[in-house]
Amino acid sequence: MPCPEATYNTCHAVSGTSGYCTSQGCEGSADCADGYMCDLTVTPSYCRRPPIGAGKPCTSDADCAGTEATYCNIHLTQKCQVQGCTLSPNNCFTGTVCCDLTAYGVEQYQCVAEGSCAN
């Protein structure tokens, strides 16, 4: 789909069939709006939107279904979290880090708040 707005004229693909309009060439998150963060790990840099559903209150994974944050952390935060991230490079949204939670019985790596992961 085209991105008709002059400010958000770049389509960032999320999957083969979907994406969102954003801007590129940011130098820091102050250049981005609406909770977007500047992703400086790619060239050209672009304003990355937060994962859909991340931080949504939940009581089970069913509450997170259909979003990008498909895991409900029922034990700590009672919020939807992104799972299946990578440690190196850390591909989580700015402000979160990929954490290996397999020692706690969680099968996949999760994006958690910076400073809350022991690895």
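Visitor: Let us start with Gln78: in which loop is Gln78 found?

Guide: Happy to begin there, and please keep in mind that this is a predicted model. Gln78 is found in the loop between β5 and β6.

Visitor: Why does Gln78 count as partly exposed?

Guide: Its relative accessibility is 38%. Buried would need a value under 20% and exposed one over 50%, so Gln78, at 38%, counts as partly exposed. The backbone deserves a look too: phi of Gln78 is positive, about 55 degrees, although the residue is not a glycine.

Visitor: Which other residue has a positive phi without being a glycine?

Guide: Asp34 does, with phi near 60 degrees. Asp34 sits in the loop between β2 (19–22) and β3.

Visitor: What makes Asp34 exposed?

Guide: The relative accessible area of Asp34 is 68%. The label asks for over 50%, so Asp34 is exposed.

Visitor: Now a strand residue: why is Gln81 called buried?

Guide: Gln81 lies in strand β6, and its relative accessible area is 9%. Buried means under 20%, so Gln81 is buried.

Visitor: What makes the pairing of Gln81 with Asn73 a polar contact?

Guide: The distance between these side chains is 2.7 Å. The limit is 3.5 Å, so the pairing of Gln81 and Asn73 counts. Asn73 is also one of the residues in contact with Gln81 once neighbours within four places in sequence are set aside; the others include Ala69, Tyr71, Cys111 and Val112.

Visitor: Which residues lie nearest the centre of the largest pocket?

Guide: Some names return here: Asn73, Thr77, Gln81, Cys111 and Val112 lie nearest its centre, out of 27 lining residues. Two or more lining residues come from each of β5 (71–73), β6 (79–81), β7 (96–99) and β8 (110–113). The volume of this pocket is about 540 Å³.

Visitor: How does the lining of the largest pocket divide by class?

Guide: There are 16 nonpolar, nine polar and two charged residues in that lining. Of the residues nearest the centre, Cys111 and Val112 are of kinds that count as nonpolar.

Visitor: What surrounds the second largest pocket?

Guide: Its lining has 17 residues, and Arg48, Pro51, Glu68, Val82 and Asn91 lie nearest the centre. Both β1 (10–13) and β4 (46–48) supply at least two lining residues. By class the lining holds 10 nonpolar, four polar and three charged residues, around a space of about 300 Å³.

Visitor: Stepping back, how many helices and strands does the protein have?

Guide: The protein has zero helices and eight strands. Its C-alpha atoms fill a box of roughly 45 × 30 × 25 Å along the principal axes.

Visitor: What share of the residues is buried?

Guide: Of the 119 residues, 31% count as buried. Carbon and sulfur atoms account for 54% of the accessible surface, which comes to about 7400 Å². Finally, among contacts between residues at least 6 apart in sequence, 23% join residues at least 24 apart.

Technical notes:
Residues are numbered from 1 along each chain as its sequence is written. This is a predicted model: local features need pLDDT of at least 70, side-chain atom pairs count only at pLDDT 80 or more; totals for chains, interfaces and linings use all residues. Side-chain values use heavy atoms; hydrogens and water are left out. On a 1 Å grid over the protein atoms alone, a cavity is a set of points where a 1.4 Å probe fits but cannot get out, and a pocket is an open set with protein on both sides within 12 Å along at least five of seven lines; lining residues have an atom within 4 Å of a point. Grid points are joined across faces, edges and corners, and a volume is the space filled by probe spheres set on the points. Helices (H or I, at least four residues) and strands (E, at least two) are DSSP runs, numbered from the N terminus. Buried means under 20% relative accessible area, exposed over 50%, partly exposed in between (1.4 Å probe, protein chains only). Contact means heavy atoms within 4.5 Å. Accessible areas come from the Shrake-Rupley method with a 1.4 Å probe; for residues, only the protein chains shown count as cover. A polar contact is a pair of N or O atoms within 3.5 Å; within protein, one must be able to donate a hydrogen and the other to accept it, and residues adjacent in sequence count only if both atoms are side-chain atoms.
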